[in-house]
Amino acid sequence: MYNVDKVIPGILILVLFLTTPIWLNLTNLKALPPSDPHVGQARMCTTCHVSEAGPDEAAMSERCVADTKYMRGYHMKLLDEWRDKKIRKMEVNYKSPDGKIYVMSLQRTCLKCHNDYHNFCDRCHQFTGVNLDCFNCHISVKEEKK
Amino acid sequence: MSMKRRDFLKITSYGIAGTFLSLTGGVIVGRGSELLKKMDTSSSEKVKWAMVINTRAFQTEEDFNSVILACHRAHNVPDIPDKIREVKWIWKDTFVRGFPTAETKYIGDEIKKRPFLLLCNHCDNPPCVRVCPVKATFKRKDGIVMQDMHRCIGCKFCMAACPYGARNYNFYPPREYLRSVNPEFPTRSLGVVEKCIFCYHRLDEGLVPYCVEASKGKIFFGNLLDENSEVRKVIAENIILVRKPELGTNPKVFYII
């Protein structure tokens, strides 16, 4: 091999350069969605997210159809189930694990509390690169007021 | 490779014969006959929703508009000025256009000019359900022909299949043409087909459809399989028309003449 003294350091520098994001993120960045401007405000469900203020589990589980942890991970599964039951299986109500009965409806149940589309839904979905088409048809309350 | 003229002809004729066999055989025993089967609900079902419209009671413009507006407002139906591409769930039209095959030469002027309320007939044998390639439109157990907007791909097959013009495609962004918004019900998106859904969401909760409520007794609604129901009585006591009965779709919207 010719020019070993130049080639090897060159390769090392290249590898270091290509992996800069890893080195930088090791110390500086946290994998969190941007923090919620409404933390602490009433009726604003900030709690589904791991924001810097931390989730408010108590306030959340009081109202929602399932606990925060489940909803954070599997809300899309639950919504899909609701859609199929309501439209195709002629069911109206959902019985939550703790025995409460809810009307299966995005707009009449979920969005009554989770009424801030941009801060509640979009913040996380943008961060995770998820493209929704729910709100092409379904109306969130804030949007309606515009 | 060399081949005798005789062998070549043999192989070719086998091929042609095989093609014909598979073509005709496929249509006769295969998918074709399955598709042509009627889609009647099984007799074990106990509910079959039907509507009876008393056309004699609908007199003034107000009678029609109150019903149409009640439906369109509640379901966020856009009000599109373009008549060819408009979206409607329930609408008003003449006898001749609504019942083209029931028209005879010497029919009375009053009937000819009488406006009729038209909507999806929720056929017992719905052609739209048969053609939908994604099962976005389907028949529920209680006979309602449902439209699942989540699944609709906007192919418009159902519009071509429906003999009643009850289906409309969203050529325009529907949200921009809403007069008022009902936050309890979704809108539709660009590029899906929509139609009357017999207010299935209200029936499931024990309420009557919006149009029935707004008509103040001019539209009857009930279970066609229940002998004592109001609709059965009204149908038995009056002269009833359905739209294009000769097509065999078995409409469940009846008109008192």
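How many of the 257 residues of chain B count as buried? The share is 45%, where buried means under 20% relative accessible area, exposed over 50% and partly exposed in between (1.4 Å probe, protein chains only).

A word on ground rules. This is a predicted model, in which local features need pLDDT of at least 70 and side-chain atom pairs count only at pLDDT 80 or more, while totals for chains, interfaces and linings use all residues. Residues are numbered from 1 along each chain as its sequence is written, chains are lettered from A and ligands numbered from 1 in the order in which they are written, and side-chain values use heavy atoms, with hydrogens and water left out.

**Inside chain B**

Chain B has 10 helices and 10 strands, taken as DSSP runs (helices H or I, at least four residues; strands E, at least two) numbered from the N terminus. The largest nonpolar core has 41 residues, and Met51(B), Ile53(B), Leu117(B), Leu119(B) and Ile219(B) have the most contacts inside it. Such a core is a set of buried Ala, Val, Leu, Ile, Met, Phe, Trp, Tyr and Cys residues joined through side-chain atoms within 4.5 Å. Among the elements that each supply at least two residues of this core are strand E1 (49–54), helix H3 (61–74) and strand E8 (219–223) of chain B. Apart from it lies another core, of 16 residues, including Tyr94(A) and Phe120(A).

**Where the chains meet**

Contact here means heavy atoms within 4.5 Å; on that basis, 24 residues of chain B touch 17 of chain A. The two chains bury about 1,900 Å² between them, 53% of it on carbon and sulfur atoms. That is the accessible area (1.4 Å probe) the two parts lose on being put together, summed over both. On the chain B side, His150(B), Arg175(B) and Glu184(B) lose the most area to chain A, together 28% of what that side buries.

**Salt bridges**

The structure holds 21 salt bridges over all chains, and 4 of these run between chain B and chain A. The criterion is a side-chain nitrogen of Lys or Arg within 4 Å of a carboxyl oxygen of Asp or Glu. Here are some of them:

| Pair | N to O distance |
|---|---|
| Glu184(B) and Arg108(A) | 3.9 Å |
| Arg83(A) and Asp84(A) | 3.5 Å |
| Arg114(B) and Glu110(B) | 2.8 Å |
| Asp142(B) and Arg140(B) | 2.8 Å |

Asp142(B) is buried at 5% relative accessibility, and Arg140(B) is buried at 3%. Salt bridges that share partners also join Arg108(A), Lys112(A), Glu184(B) and Glu205(B) into one network.
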